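Open the model in your viewer and colour it by secondary structure. The stops below go from helix to sheet to domains.

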Amino acid sequence: MLDNKDFSAWLSRLSDSHDIYGPKKTRKGMLEWARLEGGQLPDPEPGVPKSSIKTFYFPQPETLFEFSARPKKEDAFRLHEPSRHQNPRLLIGVRPCDARSVVLNSMPYQEDPYFQENRRNTFLLGYACSQGCSTCFCTWTGGSPVGQDGLDILAFLLEDGLVLEPVTERGEELLEKAGSARDLTRAQEQKVDEIRQKAPASLPEEMEPAPRLREKELMALYDAPFWQELSDSCINCGTCTFLCPTCYCFDIQDETLRGRGRRIRYWDSCMFPLFTLHASGHNPRGEKIKRVRNRFMHKLKYFPDRFGPLSCVGCGRCVRDCPVNIDIRQVMKELLAI
Ligand code: SF4
Ligand code: SF4
């Protein structure tokens with residue numbers, strides 16, 4: 001247990017060796033990731049920040065290498081080593097759904113040195129959610145508002161400070177530097193137990209779509225009329241995929257300026273028609289219905305077939321920000337009802 005003053009002092013000491021980030025409220029009142037300096041604390045507002053933490057693992061854009069148009073020069077080709085951060089990063093106030101997204105994204109990216117180095121270099125101190133928001137549904141997708149997946153330390157916020165639980169060995173090492181920790185009182189222990197029990201019940205009604213979707217023959221629904229109705233309202237803006245912590249599609253391009261160039265990897269979206277356009281001109285997902293269907297089938301069928309879990313952590317960002325109110329929870333229910 002650390003009171004807020006000691007927590008802040010610990011962060012202040014850690015900021016000599018770590019770059020620290022956490023969710024802060026912007027002037028428009030929404031949460032967004034911000035650099036925390038001098039022992040500054042994140043805002044403990046409920047819910048997830050506008051952007052997901054994939055920006056820390058999968059930067060937008062990421063330089064893979066640089067090159068020169070004068071190939072005889074010594075620096076004609078310079079590979080960017082994956083580890084480019086001076087300091088390790090510590091993200092504070094990560095919600096359990098976002099932390100779990102790192103574990104899921106590590107599955108397709110297990111051989112990707114850039115992603116994996118960012119993962120090694122980034123410590124996650126999570127805040128357990130004591131209350132779900134109206135768009136949260138982590139319990140539907142195998143997560144929990146008090147889950148530990150992907151975290152190094154899990155914190156429970158109490159009125160008089162934080163209860164910090166180490167999850168990984170490196171999380172424990174970080175906590176050893178906190179110094180002035182106290183043992184929990186009986187009342188504090190009870191409060192933590194209460195959060196653990198009550199937080200999952202604050203989320204929408206129990207539904208376990210993952211095992212039910214796995215049992216369902218989703219490929220038999222490939223041509224169901226439901227997809228047409230769904231895609232009629234989608235405007236293919238890509239908001240859902242860019243905000244989603246578990247969407248990880250990318251494209252690669254070369255940029256050149258005055259004889260120097262760099263090859264960059266940047267986010268792309270399966271909702272955009274150019275994403276699947278072949279050099280031949282053929283586009284296997286040229287129509288909107290195919291792209292909308294692919295997004296949901298990838299999350300609910302193809303990814304689970306390959307890796308096990310759904311490719312969704314129930315953070316609710318796509319529900320919150322889709323301009324035409326397409327709701328993945330409704331899609332799951334409809335697929336299960338057909
Ligand atoms: S945010 Fe909504 S409208 Fe935009 S691409 Fe996603 S589902 Fe379609
Ligand atoms: S699909 Fe929607 S709810 Fe699921 S992880 Fe992505 S943004 Fe969050």
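Which strands does helix α1 lie across, and at about what angle does it run to β8? Select residues 4-14: helix α1 lies across β1, β5 and β8, running at about 55 degrees to β8. Helices (H or I, at least four residues) and strands (E, at least two) are DSSP runs, numbered from the N terminus. Axes are lines fitted to C-alpha atoms, for helices over the stretch in contact, and angles run from 0 to 180 degrees between N-to-C directions.

Next, select 169-176. This is helix α5, which packs on the sheet and touches β6 (122-127), β7 (153-158) and β8. Its direction makes about 140 degrees with that of β8.

This is a predicted model: local features need pLDDT of at least 70, side-chain atom pairs count only at pLDDT 80 or more, and totals for chains, interfaces and linings use all residues. Residues are numbered from 1 along each chain as its sequence is written, while chains are lettered from A and ligands numbered from 1 in the order in which they are written.

Now show the sheet. It is open, with six strands in the order β2-β1-β5-β6-β7-β8 and mixed pairing. Strands pair if DSSP finds at least two bridges between them. Select 31-35 and 161-166: β2 and β8 stand at the edges, each with a single partner strand, so one side of each has no neighbour in the sheet.

Zoom to 19-25 and 89-94. Here β1 and β5 pair in the parallel sense over three bridges. Pick Y21; its bridge partner in β5 is L91.

Last, colour by domain: domain 1 is 4-46 + 75-204 and domain 2 is 210-337, with bounds from an automatic or database domain assignment. Their C-alpha centres lie 27 Å apart.

Methods. Two residues are in contact if their C-beta atoms, placed from the backbone, lie within 7 Å.
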